[in-house]
Amino acid sequence: PFVLPAFQGTSEEAAVGIISGGYGIVASLDDGYYGKGIYLTTNMEYASKYAKEGRIGKGKVFLLSLIV
């Protein structure tokens with residue numbers, strides 16, 4: 001199968017929520033530009049526009065998903 005890495009820039013709090021409860025909860029909370037859903041990109045630079053600094057200040061927060 002073909003595997004595509006995709007990034008989501010986010011906040012540390014949102015990342016913990018997604019890791020703990022999955023994407024489904026987040027997808028129902030935010031209408032987003034194209035409507036409710038999960039937004040990923042293969043372009044890390046673009047995802048960086050939405051990434052927030054982590055609490056320890058060592059860089060921005062990203063989630064990496066592998067799409068099969």
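Tutor: We will go from the overall fold to single residues. Keep in mind that this is a predicted model.

Student: How do the strands S1 and S2 pair, and over how many bridges?

Tutor: For a pair of strands, look at the sense of the pairing and then at which residues face each other. S1 and S2, the latter covering residues 61-67, are paired antiparallel, with seven bridges.

Student: What share of the contacts in the chain joins residues 24 or more positions apart?

Tutor: This is a way of asking how far along the sequence the contacts reach. Among contacts with a separation of 6 or more, 68% are between residues 24 or more positions apart.

Student: Is strand S1 largely enclosed or open?

Tutor: Count its buried residues, taking buried to mean under 20% relative accessible area. S1 spans residues 4-10, and five of its seven residues are buried, so the rest of the structure largely encloses this strand. For the chain as a whole, 22% of the 68 residues are buried.

Student: What should I expect of side chains along a strand?

Tutor: In a regular strand they alternate between the two faces of the sheet.

Student: Take Gln 8. Is Gln 8 buried or exposed?

Tutor: Compare its relative accessibility with the cut-off. Gln 8 has 13%, so it counts as buried. It belongs to strand S1.

Student: Where is Tyr 23, and what does Tyr 23 contact?

Tutor: Locate the element, then list the partners. Tyr 23 is in helix H2, residues 23-27. Beyond its neighbours within four places in sequence, Tyr 23 contacts Gln 8, Ile 18, Ile 38, Leu 40, Leu 63 and Ser 65. Between Tyr 23 and Ile 38 there are 15 residues in sequence and 7.1 Å in space, C-alpha to C-alpha.

Student: What about Met 44?

Tutor: Met 44 is in helix H3, residues 44-48. Its relative accessible area is 39%, so Met 44 is partly exposed. Setting aside residues up to four places away in sequence, Met 44 touches Phe 7 and Phe 62. Its C-alpha atom is 9.6 Å from that of Leu 64, 20 residues away along the chain.

Student: Which residues make the nonpolar surface patch?

Tutor: For a surface, ask how much area there is and which atoms supply it. The chain exposes about 5,100 Å², 61% of it from carbon and sulfur atoms. Phe 2, Leu 4, Ile 38, Leu 40 and Ile 67 form a nonpolar patch of about 440 Å². One of these, Ile 67, is in strand S2 and is partly exposed at 37% relative accessibility.

Definitions and conventions:
Residues numbered from 1 in each chain as written. Predicted model: local features only at pLDDT ≥ 70, side-chain atom pairs only at ≥ 80, totals over all residues. Heavy atoms only, no water. Buried < 20%, exposed > 50% of the residue type's maximum accessible area, 1.4 Å probe, protein only. Helix = DSSP H or I, 4+ residues; strand = E, 2+ residues; numbered from the N terminus. Pairing = 2+ DSSP bridges. Contact = heavy atoms within 4.5 Å. Areas by Shrake-Rupley, 256 points an atom, 1.4 Å probe, with all protein chains shown as cover. Patch = residues over 30% accessible without salt bridge, like charges linked within 9 Å, V, L, I, M, F, W, Y side chains within 5 Å. Salt bridge = Lys/Arg side-chain N within 4 Å of Asp/Glu carboxyl O.
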